[in-house]
There are 2 protein chains.
Amino acid sequence: MCKQSERARALDASDPLGVYRSSFSGLSADLIYLDGNSLGPLPAQTKKVMERAVGTEWGEDKIKSWNKGWFDLPLRLGDLLGPLIGAGTGQVVFADSVTVNLFKLASAALARQEGRLKILTDDLNFPSDYYAIEGLINGLKQGHKLVRVASPDGMSLPSEELAAAIDSDTALVTISHVVFKSGYLYDLEAIVEAAHKAGALVLADLSHSAGSVPIELDRWGVDMAIGCSYKYLNGGPGAPAYLYVRESLQEELLPLLSGWFGAQEPFSFSPHYLAASGIQRFLVGTPPILSMRAVEPGIQLLLDAGMQSVREKSIQQTEFLIELYDQILVPLGFALGSPRDPARRGSHVSLRHPEAFRINKAMISPIEGRPVVIPDFRTPDNLRLGVAPLYQTFEELARAVERIREIVVDQEFTRFEEGLDVVT
Amino acid sequence: MCKQSERARALDASDPLGVYRSSFSGLSADLIYLDGNSLGPLPAQTKKVMERAVGTEWGEDKIKSWNKGWFDLPLRLGDLLGPLIGAGTGQVVFADSVTVNLFKLASAALARQEGRLKILTDDLNFPSDYYAIEGLINGLKQGHKLVRVASPDGMSLPSEELAAAIDSDTALVTISHVVFKSGYLYDLEAIVEAAHKAGALVLADLSHSAGSVPIELDRWGVDMAIGCSYKYLNGGPGAPAYLYVRESLQEELLPLLSGWFGAQEPFSFSPHYLAASGIQRFLVGTPPILSMRAVEPGIQLLLDAGMQSVREKSIQQTEFLIELYDQILVPLGFALGSPRDPARRGSHVSLRHPEAFRINKAMISPIEGRPVVIPDFRTPDNLRLGVAPLYQTFEELARAVERIREIVVDQEFTRFEEGLDVVT
């Protein structure tokens, strides 16, 4: 272990992204935060932005602030995010939650694809994505079916196996680009190619991939995408989600869910809905401005650092974690819940253990002289270790694995009750 | 006018709610803010809450904050709001935007009312409410029709006229409790009675009535309600909306739009949606916590003051405004765009004038030695003067009318171009 710590320190010393750690608040040597894939920490700059948003924009300028930036905020943030996900301007907008955005786009896609009744997904997708589609097709009563392609190992599905299930009845293929439990990274370009050959559209959930892996929506020809901004984008708890629709498709899509912010002239108060042109039509109600104001600094940090550098360090770090797992954790009954091939892995590593729930409890509980390590637990037996290259050090990873080792070897976890915690 | 100023000062001196003005930030003698019916000002306490939410809850406690209050926040805020709108516990929840909430409830209501094809509203409703229903029925393709009962005077509709249009084919009646342009206040109880006799459900939009008039949802037997929290509730720009479903109806409604926060056990990550019981099932995605954290102080102020006192002062103030209008503004070409009967009027007064747009421009433009007065303009010719008894003084109202008089008499408004501003 000692050798690994030394190596970790050497890697940190030559880390070109090391400078970014000080751009975040609330990080310390006593707390190893491996949960940035669930809730990214607070960028220091965001504190100032929020003071301004609350005190000046709302407090002093009040209603005038709508004309001084709030009204354009959903589109402006969308264009800011664009380069991080390979989207040209006018194709991304911030709005609502991931699930609501999925609903809007899926409903519009099904209408556009009339006559095709199959919505294809896998068994690795985030459940809320299933729920939105189930609700939609139950309500539509038009005979649509949600078909889930089974993954052979419960953690990954080769793109060609998903592609093979796409047929002429497939209206829509929808997957998580990076899978929430295992971190499996799809070859999205290959899926788009197969879908388009069959006349199907593709809707990708980028919640676990935006800010963690390079994404080229325009280049890959992706039709639609959604994602949250509270994970790797560090936008804050429940931060507004975004959606992407490729330009050439925008005018063909009309969401089932429409509201005044998506209307052509909201302030003409026309009694009939006329969809705005462009990406604006995918807005619905008045956006939650305070939450939305918190989104910019996190994106800005990633733009500054560059996704290529972020990805390089992310791979180095997940490889390092897996190396430590091989050496130290395999003998303790752990199994790897993530792909070994870095080209098919996002930026978290899942470790499976029959006692994962209680090990997680022990990790997050403060004990004198030991670091608190925050992973998250995903039922039934996954410990997810999220790596966020902007602030994570290699030394933290080495210390986290050492702490897990200690908890299992010393049977520390047996102090805790079985149960189920609420952690997003 | 001098006499009216004296009377205004006397009314302020004996105003039992006068003490609340200091609970708000950003109010001053140079700025007469009559737009609290569009964006309520910042409660001083909210600044502290937001510092805590950003710096401590997100910044320091990070993911742990979900278990320390964030997860329960939508329901807790709902129960806090309950007494202001006459709702017992477990019937109100904060979520999404007004339009999205309308969509969820209307979709669930139409499914529950299968076989009935008419959705009844008026021609006074907020356009986004029409848009949501138009989108829904277009998508459902089940033959539903949105029927708008015409108001005889374009600003109010006697409840009995709306009631007369409810028939055995009516699935749902949906109206704004207080109408956005004229401030007309419906007799909601009478509408519920008529609707229930015909087997129809009622969905009321409380955006302009919550915090401005007493509401008794439970006692009146209202089925469903929605509303925003950024107007009289002072919850902040685009603050999360809320929805109400009467307890006995909750298990009969299943929204078309479903997501993990409305599922029975979100963290079991079940692949199939099982709706939570109770009001929680009307949640969808992860809520925007920062915006939601800003909502509590504004509600708390209204609870402290008591809706009865708020309503008494509101009637006094709108009566005072109309008196000034009669004396001073009628000779200048203004017409009253709000009901004269205070029992049928909410907490804003609309003044109509052919030059309303440019008069608004002149009012909001700073001129040395004159107060800036912020109303809002609503197309084509409405100046809305919003009265918010927690911070509005009678003197402000007298000064605002004096300023309007001056702008028209001196033709100040002619300095401005015709146009259309974006103000929510």
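These legends accompany views of a predicted model.

**Figure 1. Overall fold and dimensions of chain A.** Chain A contains 14 helices and 13 strands. Its radius of gyration is 22 Å, close to the 22 Å given by the globule rule for 424 residues, so chain A is as compact as a globular protein of that length. Along the principal axes, the C-alpha atoms of chain A fill a box of roughly 70 × 55 × 40 Å.

**Figure 2. Burial, contacts and surface of chain A.** Buried residues make up 67% of the 424 in chain A. Of the contacts in chain A between residues at least 6 apart in sequence, 73% join residues at least 24 apart. Chain A has an accessible surface of about 13,900 Å², and carbon and sulfur atoms account for 51% of that surface. The 40 positive and 53 negative charges of chain A have mean positions 2 Å apart.

**Figure 3. An aromatic pair between chains A and B.** Over all chains, the whole structure holds 37 aromatic pairs. One of them joins A:Trp260 to B:Phe126 in an edge-to-face arrangement, with 4.8 Å centre to centre and 75° between the planes. A:Trp260 sits in the chain A loop between helix H9 (247–250) and helix H10 (289–293), while B:Phe126 sits in the chain B loop between strand E3 (118–122) and helix H5 (127–140). A:Trp260 counts as buried because its relative accessibility is 5%, under the 20% cut-off. B:Phe126, at 17% relative accessibility, also counts as buried.

**Figure 4. The aromatic cluster that includes A:Trp260 and B:Phe126.**

Terms used
Residues numbered from 1 in each chain as written. Chains lettered and ligands numbered in written order. Predicted model: local features only at pLDDT ≥ 70, side-chain atom pairs only at ≥ 80, totals over all residues. Heavy atoms only, no water. Helix = DSSP H or I, 4+ residues; strand = E, 2+ residues; numbered from the N terminus. Rg over C-alpha atoms; globule rule 2.2 N^0.38 Å. Buried < 20%, exposed > 50% of the residue type's maximum accessible area, 1.4 Å probe, protein only. Contact = heavy atoms within 4.5 Å. Areas by Shrake-Rupley, 256 points an atom, 1.4 Å probe, with all protein chains shown as cover. Lys, Arg positive; Asp, Glu negative; His and termini not counted. Charge placed at Lys NZ, Arg CZ, Asp CG, Glu CD. Phe/Tyr/Trp six-rings, centres within 6.5 Å; stacked < 30°, edge-to-face > 60°.
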